[in-house]
Amino acid sequence: MLQCLILELEMVFSWLNLLAKFGFSDITGIDYSPSAIQLSGSIIEKEGLSNIKLKVEDFLNLSTKLSGFHICIDKGTFDAISLNPDNAIEKRKQYVKSLSGALNVKGFFLITSCNWTKEELLDEFSEGFELFEELPTPTFSFGGRSGNSVTALVFQKT
Ligand SMILES: C[S@@+](CC[C@H](N)C(=O)[O-])C[C@H]1O[C@@H](n2cnc3c(N)ncnc32)[C@H](O)[C@@H]1O
């Protein structure tokens, strides 16, 4: 059974179609905000989606039951954790530890970030993860230089 952990509940419905195509049947979505989980739960119920479990969980203090995943998807949670004014460096390290505990060896981690460049993310996840693929994101030009406002990378746990 292919298992997926989602830290990205807003876009979960577009992910579900894609994941279903690839044979994922065990999908878990987490957020530490009970109201985010409540809202997602009501949408899931309305949409009649039964193959996703929702849990109120702090990713930085993840239950050991949440392990063995083949994929973990994040859009915005690592960014939110990085912006925490209270000891963000330690929290980022803990994020990498939690991710490592949740994923199987060779498991994939898909991250979309509006805060960090590709190089910065490569540095953050250098221990225990290697870059598998960079996903295309919109580019913009300013002052003769071009760049991306969003970074989307796929890492693989080593
Ligand atoms: C910037 S929002 C991203 C929401 C959505 N994925 C999006 O793209 O709009 C960040 C989310 O991460 C959640 N979050 C922040 N820290 C967390 C933690 N330690 N554990 C679990 N969820 C967390 C917040 O509650 C919030 O729902």
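In this predicted model, the rings of the aromatic side chains come to a count of twelve aromatic pairs. A pair of aromatic rings is described by the distance of the centres and the angle of the planes. One of the twelve pairs is formed by Phe78 and Tyr95, whose rings lie 4.8 Å apart from centre to centre, with 65 degrees between the planes, an arrangement that is edge-to-face. Because Phe78 belongs to helix α3 and Tyr95 to helix α4, which covers residues 88-102, the pair ties together parts that are 17 residues apart in sequence.

Helix α3, made up of residues 77-82, also leads on to the ligand, for this helix gives the most to the shell around the ligand, contributing three residues. The shell holds 14 residues, and the ones that come nearest to the ligand are Glu8, Asp31, Asp58, Phe59 and Lys75. Sorted by class, the shell consists of six charged, five nonpolar and three polar residues.

Several contacts can be followed atom by atom. Asp58 places a polar side-chain atom 2.8 Å from a nitrogen atom of the ligand, whereas Phe59 has a backbone N or O atom that lies 2.9 Å from a nitrogen atom of the ligand. With Thr77, a polar side-chain atom is found 3.1 Å from an oxygen atom of the ligand. Taken on its own, the ligand has 600 Å² of accessible area, and the protein covers 77% of that area. As for where the ligand sits, the space that the ligand takes is the largest pocket.

Key
Residues numbered from 1 in each chain as written. Predicted model: local features only at pLDDT ≥ 70, side-chain atom pairs only at ≥ 80, totals over all residues. Heavy atoms only, no water. Near = heavy atom within 4 Å. Polar contact = N/O pair within 3.5 Å; in protein donor to acceptor, adjacent residues only side chain to side chain. Areas by Shrake-Rupley, 256 points an atom, 1.4 Å probe, with all protein chains shown as cover. 1 Å grid on protein atoms, 1.4 Å probe; cavity = no way out; pocket = protein on both sides within 12 Å on 5 of 7 lines; lining within 4 Å. Sits in = over half its atoms within 2 Å of the grid points. Helix = DSSP H or I, 4+ residues; strand = E, 2+ residues; numbered from the N terminus. Nonpolar A, V, L, I, M, F, W, Y, C, P; charged D, E, K, R; others polar. Phe/Tyr/Trp six-rings, centres within 6.5 Å; stacked < 30°, edge-to-face > 60°.
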